[in-house]
Amino acid sequence: QVQLVESGGGLVQAGGSLRLSCAASGRSFSPYVMAWFRRAPGREREFVGSIRWSGGSTDYAASVKGRFTIGTDNTKNTVYLQMNSLKPEDTAIYYCAAKMAEFSSYYYWGQGTQVTVSS
């Protein structure tokens, strides 16, 4: 069974940076894509960005492009989200998720980590 565990959330001032981590446990973990999503208070969950596990190609939401960067350490089964130039509107619970095949849905989800950006 695969488990995803996020860490690295916290409180930061606007303009600051945070790095989130998502560690996957489970034998032979080899997803097709790892992604980050977020849910702000009173809003629906939204896509933040994703990365192909093999090859490393990335995709970002327009709202974070140029400020957030996704990376992986495949040897540690870990995906990162480097968040720079944070804004109060980035405040949300951030979730990592894994898609195991190209045309599948995101099947595995972490429990989420809170990011709060103060103005």
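**The salt-bridge network and its surroundings**

Modeller: Arg 38, Glu 46, Arg 67 and Asp 90 are joined in a network of salt bridges. Please keep in mind that this is a predicted model. The count of salt bridges comes to three, so let us take them one by one, since side chains of opposite charge can pair when their charged atoms come close.

Start with Arg 38 and Glu 46, whose closest N and O atoms are 2.6 Å apart.

Asp 90 counts as buried because its relative accessibility is 1%.

The remaining partner is Arg 67, which forms a salt bridge with Asp 90 at 2.7 Å between the closest N and O atoms. Asp 90 lies in the loop between E8 and E9, and Arg 67 in the loop between strand E6 (58–60) and E7, so this pair ties together parts that are 23 residues apart in sequence. Like Asp 90, Arg 67 is buried.

Now for the nonpolar residues. The largest nonpolar core has 30 residues, and those with the most contacts inside it are Leu 4, Met 34, Trp 36, Leu 81, Met 83 and Tyr 94. Several strands supply at least two residues each to this core, among them E3 (18–25), E4 (33–39), E5 (46–52), E8 and E9 (92–99). In soluble globular proteins, nonpolar side chains tend to be buried together. A second, separate core of five residues includes Val 33, Ala 35, Phe 37 and Ala 97.

Next, the sheet that holds E8. Four strands form an open sheet in the order E1-E3-E8-E7, with antiparallel pairing. Strand E1 (3–7) and E7 stand at the edges with a single partner strand each, so one side of each has no neighbour in the sheet. On average, neighbouring strands here are turned by 15° against each other, direction ignored. Between E1 and E3, which run antiparallel, there are five bridges. Leu 4 stands opposite Ala 24 in E3, and Leu 4 is also one of the core residues with the most contacts.

Let me finish with Thr 78, which is found in strand E8 (residues 78–83). Thr 78 counts as buried because its relative accessibility is 8%. Its side chain reaches the backbone oxygen of Lys 76 at 2.9 Å. Leaving aside residues up to four places away in sequence, Thr 78 touches Ser 21, Cys 22, Ala 23, Trp 53, Gly 71, Thr 72 and Asp 73.

Conventions:
Residues numbered from 1 in each chain as written. Predicted model: local features only at pLDDT ≥ 70, side-chain atom pairs only at ≥ 80, totals over all residues. Heavy atoms only, no water. Buried < 20%, exposed > 50% of the residue type's maximum accessible area, 1.4 Å probe, protein only. Polar contact = N/O pair within 3.5 Å; in protein donor to acceptor, adjacent residues only side chain to side chain. Contact = heavy atoms within 4.5 Å. Core = buried A, V, L, I, M, F, W, Y, C linked by side-chain atoms within 4.5 Å. Salt bridge = Lys/Arg side-chain N within 4 Å of Asp/Glu carboxyl O. Pairing = 2+ DSSP bridges. Axes fitted to C-alpha atoms, helices over the stretch in contact; angles between N-to-C directions.
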